[in-house]
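Me: I have a model open and some questions about it. Can we go through it residue by residue?

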Amino acid sequence: MQTPRAGSSRDYDTVVVGAGIAGLTTARLLAGAGRRVTVLEARDRIGGRVHSDRSGGTVTDRGASWIHGINDAPLHAVTEAFGMRTVEFTVGSYQPDSRPIAYYDPDGRRLDDDAVAAFAADVHAFDDALSMFVAKIGAGVSYGEATEETLAALGWDDARAQRVREFARHRTEEQYGVWIDDLDAHGLDDDETDGDEVVFPDGYDELATRLGDGLSVTLNRAVAQIRWDENGATVIDTAGEETSAARVVVTVPVGVLKSGTLTFDPPLSEPVAGALDRLEMNAFEKVFLRFGSKFWDEGVYAIRRQGPAAQWWHSWYDLSALHGEPTLLTFAAGPCARAVREWSDEEIAASVLGSLREIYGDAVPEPTRIDVTRWQDDPFAHGSYAYMTVGSTTADHDLLATPLGGGVVHLAGEATWTDDPATVTAALESGRRAASNILGRDVQVAELWSR
């Protein structure tokens with residue numbers, strides 16, 4: 001544990017609230033620069049929404065899984081520097097054709113290569129037209145409205161337009177865990193993947209472990225209030241214990257900031273307050289099914305279903321290479337996640353298996369293990385990540401990180417980074433920015449592993 005300098009009136013130079021990737025990045029960079037910094041974490045572990053479950057002798061990333069594009073990616077540079085093993089898995093951004101995908105039509109029949117190519121070409125044509133449409137409009141138009149305007153302009157027949165409309169809805173849910181009409185049309189402006197995507201066979205939380213190495217971190221210390229003015233901040237936990245600092249970096253999720261369990265005195269001011277009001281936490285859960293044997297085709301990265309039967313369960317991802325045993329991952333997203341929120345893991349699995357059996361019939365066995373996440377019910381998250389409501393702008397992410405009180409209060413986290421929000425990359429970069437603002441210089445990401 002670091003101790004205050006003799007004669008210092010503050011316990012620390014900086015208190016960081018939250019030991020997720022943003023908080024650990026901030027703290028590590030500040031500590032490396034010689035600042036007295038401590039991290040207060042409400043959970044009994046570090047990592048936040050990067051959470052690798054190692055029960056049963058397996059590794060299951062119940063939170064973040066992917067790096068969405070490794071070319072010139074600062075996060076990939078960090079994981080490489082830390083020696084984290086990766087497995088290539090390039091379909092995590094809901095691309096229609098980046099790797100082999102087995103598509104099934106509304107009747108459960110697999111599409112041949114020509115049909116898949118035609119469908120993927122339609123998606124790409126739609127995306128090009130959608131991008132041009134969205135570039136011309138401001139905030140206040142939903143992604144659903146933009147989709148309909150674009151499809152109308154393309155002039156396709158009903159069946160052709162419907163399959164692309166369905167893809168756009170599924171992509172919205174899987175990318176942001178929200179119904180297509182509830183996301184601003186600019187909410188997927190960042191939806192680009194540069195290079196391969198990778199996942200982590202040893203668990204993504206190795207990143208948190210390496211970032212937190214040597215830091216002062218106190219677990220099971222939930223913060224209830226932050227009192228601040230231009231002279232400094234006092235952080236008060238739920239037990240009433242106070243910690244003072246010249247500044248505070250708050251990295252808790254948007255869901256916590258909006259829940260009322262953590263308050264600011266005085267309240268957050270503009271432009272932070274307005275940006276926070278326009279962002280919301282999503283509904284997005286993972287469903288992992290492990291099997292004793294593989295019943296789906298070899299050589300595919302994903303299975304996708306089309307048509308009305310795919311309203312909830314439409315995409316399954318083959319994680320066998322990652323988990324070392326036959327494993328499919330699917331997502332309960334948006335309306336589905338809210339509808340099944342009170343269901344048991346077994347009830348959710350039964351629903352997913354019913355959809356799979358419409359394709360594969362009796363070849364689908366009972367799973368050997370079921371894992372379902374519950375981020376909506378997590379009191380330290382209230383969802384998986386934030387999304388832009390209709391009327392918000394991409395700038396709201398950066399506005400949320402505006403320093404307040406002359407640089408006393410800083411917010412960081414995946415929701416505060418405009419270029420690639422809702423990702424671990426955003427969390428890491430927002431932490432680097434917070435450290436840069438506090439130190440008054442452009443902190444380089446390489447300082448994370450060179451300290």
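Me: Is Arg43 buried or exposed?
Reply: This is a predicted model, where local features need pLDDT of at least 70, side-chain atom pairs count only at pLDDT 80 or more, and totals for chains, interfaces and linings use all residues. Residues are numbered from 1 along each chain as its sequence is written, and side-chain values use heavy atoms, with hydrogens and water left out. Buried means under 20% relative accessible area, exposed over 50%, and partly exposed in between (1.4 Å probe, protein chains only). Arg43 has 10% relative accessibility, so the residue counts as buried.

Me: Which side chain meets Arg43 in a salt bridge?
Reply: A salt bridge here is a side-chain nitrogen of Lys or Arg within 4 Å of a carboxyl oxygen of Asp or Glu. Side chains of opposite charge can pair when their charged atoms come close. For Arg43 the N to O distance is 2.8 Å, and the partner is Asp378.

Me: How many residues apart in sequence are the parts that Asp378 and Arg43 tie together?
Reply: Helices (H or I, at least four residues) and strands (E, at least two) are DSSP runs, numbered from the N terminus. Asp378 sits in the loop between strand 18 (369–372) and strand 19 (386–388). Arg43 sits in the loop between strand 2 (37–40) and strand 3 (52–53), so the pair links parts separated in sequence by 335 residues.

Me: What is the relative accessible area of Asp378?
Reply: Asp378 falls in the buried class. Its relative accessible area is 13%.

Me: Which residue pairs with Arg85 in a salt bridge, and where does that partner lie?
Reply: The partner is Asp202, with 2.7 Å from N to O. Arg85 is in the loop between helix 2 (74–81) and strand 5 (87–88), so the pair ties together parts 117 residues apart in sequence. Asp202 is partly exposed, at 29%. Asp202 lies in the loop between strand 7 (198–199) and helix 6 (206–212).

Me: How many residues apart in sequence are the parts joined by Asp196 and Arg99?
Reply: The side chains of Asp196 and Arg99 form a salt bridge at 2.7 Å, N to O. Asp196 is in the loop between helix 5 (158–176) and strand 7, and Arg99 is in the loop between strand 5 and strand 6 (101–104), so the parts tied together are 97 residues apart.

Me: Are Asp196 and Arg99 buried or partly exposed?
Reply: Asp196 has 32% relative accessibility, which puts it in the partly exposed class. Arg99 has a relative accessible area of 23%, so Arg99 is partly exposed.

Me: How many salt bridges does the structure hold?
Reply: Salt bridges with shared partners join Asp53, Arg62, Arg290, Glu325, Arg369 and Asp371 into one network. For the structure, the total is 36.

Me: Which residues does UniProt list for "binding site"?
Reply: The entry is unreviewed. UniProt positions are given in the numbering used here, feature names are shortened, and annotations may be inferred rather than shown by experiment.

Me: What is the largest C-alpha distance among them?
Reply: They are spread over 183 residues of sequence, yet they cluster in space. The largest C-alpha distance is 8.0 Å.

Me: Is Glu41 buried or exposed?
Reply: Glu41 lies in the loop between strand 2 and strand 3. Contact means heavy atoms within 4.5 Å. Not counting residues up to four places away in sequence, Glu41 touches residues including Gly18, Thr218 and Arg221. At 5% relative accessibility, Glu41 is buried.
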